[in-house]
Each structure stands twice: as C-alpha cells, then as structure tokens.
Amino acid sequence: MYDPDEGKYITTEPVTIDKPCHVHDLSTEKVVQIYGKSDVSAVSIHHQGNAVNAEKAKIKDKTYLITKTINLRNKASYIASEVTT
C-alpha cells in the first residue's frame, strides 16, 4: 500500500482467512488453455459470498497462487496453480 505522507510503499503482514470451499482439479485441457503447458498442477476453488482479495490460497499442506478471481452473484470462484519450490 502506498503512503502519500511517507512518500513510499508500506508492506503489511499477511492475514489468514479461513473459508469453507469446494476444490476441484482442473482438466489437462483447461490447464493448457489457461497456462499454455500441461505440467502445471491447478485447481478451481469455489465458496459462497463475495470474493476475497488474495494472492495465495493454502489448501491442506499445499500453497496455490491465485491466477484469476471471478465473482458472480453470491459465489466466488478462483483459478489457482500450485507453487513449487
């Protein structure tokens, strides 16, 4: 976040939000369509309510980088790829 009084960007600590979600693996065809290659592990995540402004999602012991966020009526959907280290 940019602070005009300081004249620089200020970093804040990440906040964890727990939400019950439905998680589905994306098909190989959809992964190739989105990422242009088939060796990416990707999921679609859905939950009730408005979309959360997030960069990452943690599901069990895996971390996913959110690529796309979709908000439709009272349902939020995300496309996310697994972060590999």
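**Close-up views of a predicted model**

**View 1. The lining of the largest pocket.** The largest pocket is lined by 21 residues, and I17, A54, K56, A57 and K58 are the ones that lie nearest its centre. On a 1 Å grid over the protein atoms alone, a pocket is an open set of points where a 1.4 Å probe fits, with protein on both sides within 12 Å along at least five of seven lines, and lining residues have an atom within 4 Å of a point. The model is predicted, and local features need pLDDT of at least 70 and side-chain atom pairs pLDDT 80 or more, while totals for chains, interfaces and linings use all residues. Residues are numbered from 1 along each chain as its sequence is written, and side-chain values use heavy atoms, with hydrogens and water left out. The volume of the largest pocket is about 820 Å³, a volume being the space filled by probe spheres set on the grid points, which are joined across faces, edges and corners. To its lining β4 (42-48), β5 (56-59) and β6 (62-72) each supply at least two residues, and β5 gives the most, with four residues; strands here are DSSP runs (E, at least two residues), numbered from the N terminus.

View 2. β5 and β6 run antiparallel and are joined by four bridges, where strands pair if DSSP finds at least two bridges between them. I59 has K62 of β6 as its bridge partner, and in the hairpin of these strands, with two residues between them, K60 takes a positive phi near 55°. β6 also pairs with β7 (residues 75-82) in the antiparallel sense, over eight bridges, and Y64 stands opposite E82 in β7. In the hairpin of β6 and β7, which likewise has two residues between the strands, R73 takes a positive phi near 50°.

**View 3. The largest nonpolar core.** This core has eight residues, namely V43, I45, A57, Y64, I66, A76, Y78 and A80. β4, β6 and β7 each supply at least two residues of the core, and the largest share, three residues, comes from β7. A nonpolar core is a set of buried Ala, Val, Leu, Ile, Met, Phe, Trp, Tyr and Cys residues joined through side-chain atoms within 4.5 Å, and buried means under 20% relative accessible area, exposed over 50% and partly exposed in between (1.4 Å probe, protein chains only).
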